[in-house]
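Have a look at the picture, then read on.

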Amino acid sequence: MNETRPPKTIATINFKGGVGKTTVTWCLGDLISTYGNSNVLLFDLDAQMSLTQAITLNEDGSLFRKFSDWSTRSEKKEKTIFKAIEAYTGKPGFDFGVNYDFIYQITDRYHFVPSVEDLYWLELDVFDREKMQGFIRDILGKITWSKNVPDYHYALFDCPPSFTLLSYSVLSVCDLILIPVNPDFYAVKGVPLILNTLQLRIEPFPIPKIAVFMNKAKPYAGNMTKESRFYWSQVERVCDQAAAKAGLKVKCLDTPIYDRVAIKRAVTSGGVPAEFVNDFKNLWKGITEFLDE
Amino acid sequence: MNNEFSEPGEEIKRVAEEISLLRRDIQTASAALGRIERRLKVAFPNFPTKKKELHEKKNSTKLVSSKNAEELKAIFNDLVFHTQNGGDSAFAAKIGELSDEDIVALAMEVGISSRNRLSRSKATDGVRKRVQEAMQLQFEKK
């Protein structure tokens with residue numbers, strides 16, 4: 001008998017926009033489903049729909065016919081993530097079946113739950129905020145036990161750059177919070193911003209492990225520039241303080257993703273660009289080692 | 001109705017004429033400068049003419065910090081600590097203890113510039129900015 005296990009869950013978050021959350025989340029999912037032979041389920045929880053649009057747009061800007069048809073069917077059958085939330089916070093019991101009308105198949109192993117515009121109004125529409133905390137846990141439970149979809153090894157969440165009800169729900173249940181930072185003050189500021197308040201916000205749930213890495217690092221002679229290294233040293237210091245003062249399990253992954261032009265087309269061109277594969281493999285190695293500790 | 005703006009073709013023609021005039025002016029000025037230089041060379045045969053040589057000589061006399069990256073990092077952390085407790089006057093006092101070359105090396109170490117030809121004041125401003133940033137990047141348990 002096959003043993004059904006819930007997927008390992010990783011949430012990519014930084015309250016500063018533009019640090020590369022979406023691209024990194026997509027690339028990691030593509031990497032482990034393509035090179036690691038894992039089944040990956042990717043969630044776009046950002047109402048801005050950047051990931052959804054990037055995945056479903058061709059380079060020329062037109063929607064893939066396949067996704068367009070799927071999306072129409074999904075909405076018609078009321079199988080969007082917003083409808084799932086409505087079902088969860090509405091009537092007692094969580095009457096929402098999980099199948100391929102809810103989950104879109106990008107490839108055989110890489111599956112996707114897209115965002116919808118309705119998420120913009122989620123904060124206004126959902127009245128039972130406390131109940132909302134358990135939504136991601138319970139929808140993952142449904143996915144895990146569903147016979148209609150495969151067992152997923154990993155669930156990746158692209159979170160919005162703010163503390164919304166959905167990010168609240170993800171952070172309360174995930175195994176790992178992944179924080180990309182950039183070599184600039186505002187992006188690095190996102191680290192203490194999250195660490196300072198996380199415990200307070202998601203109590204009584206335990207704090208997940210937190211991994212931080214440098215994204216869009218400026219390269220110089222095979223290493224980071226001094227400016228990038230300065231900001232990275234500040235990140236390390238803040239993480240050390242968080243570990244020492246609050247006992248948070250924080251790890252700084254010394255596997256930067258360098259700033260190169262090709263990464264901008266990583267999602268729309270359909271795969272991790274060749275020159276980035278090793279960087280992302282190194283990052284993923286650091287993530288899994290930390291998850292297994 | 002008259003079009004008060006010139007057509008793209010006309011605009012290109014006008015710009016080309018202006019560039020041609022500018023080129024002629026530059027050639028005239030360059031020729032005049034060349035003539036002046038030749039006259040000066042005749043009048044002062046021993047005068048060093050190449051600015052670059054002067055510059056290299058100046059650089060070779062410039063002192064270089066003897067501090068390594070670890071030492072500079074320790075100085076930076078010390079600056080952050082003192083500024084946190086004593087404000088800008090403490091920063092100024094600590095900076096005052098450092099030589100020009102150490103401040104420039106410190107500015108380079110924290111990524112303000114990759115050139116060691118920074119002035120003391122510019123290097124100090126850069127280090128102050130980094131110290132302020134470091135002070136704002138703190139974990140505070142809520």
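Count the salt bridges over all chains and you get 18. Keep in mind that this is a predicted model.

Let's start in chain A. Here A:Lys77 pairs up with A:Asp101, and their closest N and O atoms are 3.5 Å apart. The two come from distant parts of the chain, 24 residues apart: A:Lys77 is in the loop between helix 3 and helix 4, while A:Asp101 is in the loop between helix 4 and strand 3. A:Asp101 has a relative accessible area of 11%, so this residue is buried. A:Lys77, at 47%, is partly exposed.

Now hop over to chain B. B:Asp102 and B:Lys67 form a salt bridge, with 3.4 Å between the closest N and O atoms. B:Asp102 belongs to helix 4 and B:Lys67 to the loop between helix 2 and helix 3, so the bridge ties together parts 35 residues apart in sequence. Is B:Asp102 buried or exposed? B:Asp102 counts as buried because its relative accessibility is 10%, and the cut-off for buried is under 20%. B:Lys67 is partly exposed, at 32%.

Another pair in chain B is B:Arg120 with B:Asp100, which meet at 2.6 Å, N to O.

Notes
Residues numbered from 1 in each chain as written. Chains lettered and ligands numbered in written order. Predicted model: local features only at pLDDT ≥ 70, side-chain atom pairs only at ≥ 80, totals over all residues. Heavy atoms only, no water. Salt bridge = Lys/Arg side-chain N within 4 Å of Asp/Glu carboxyl O. Helix = DSSP H or I, 4+ residues; strand = E, 2+ residues; numbered from the N terminus. Buried < 20%, exposed > 50% of the residue type's maximum accessible area, 1.4 Å probe, protein only.
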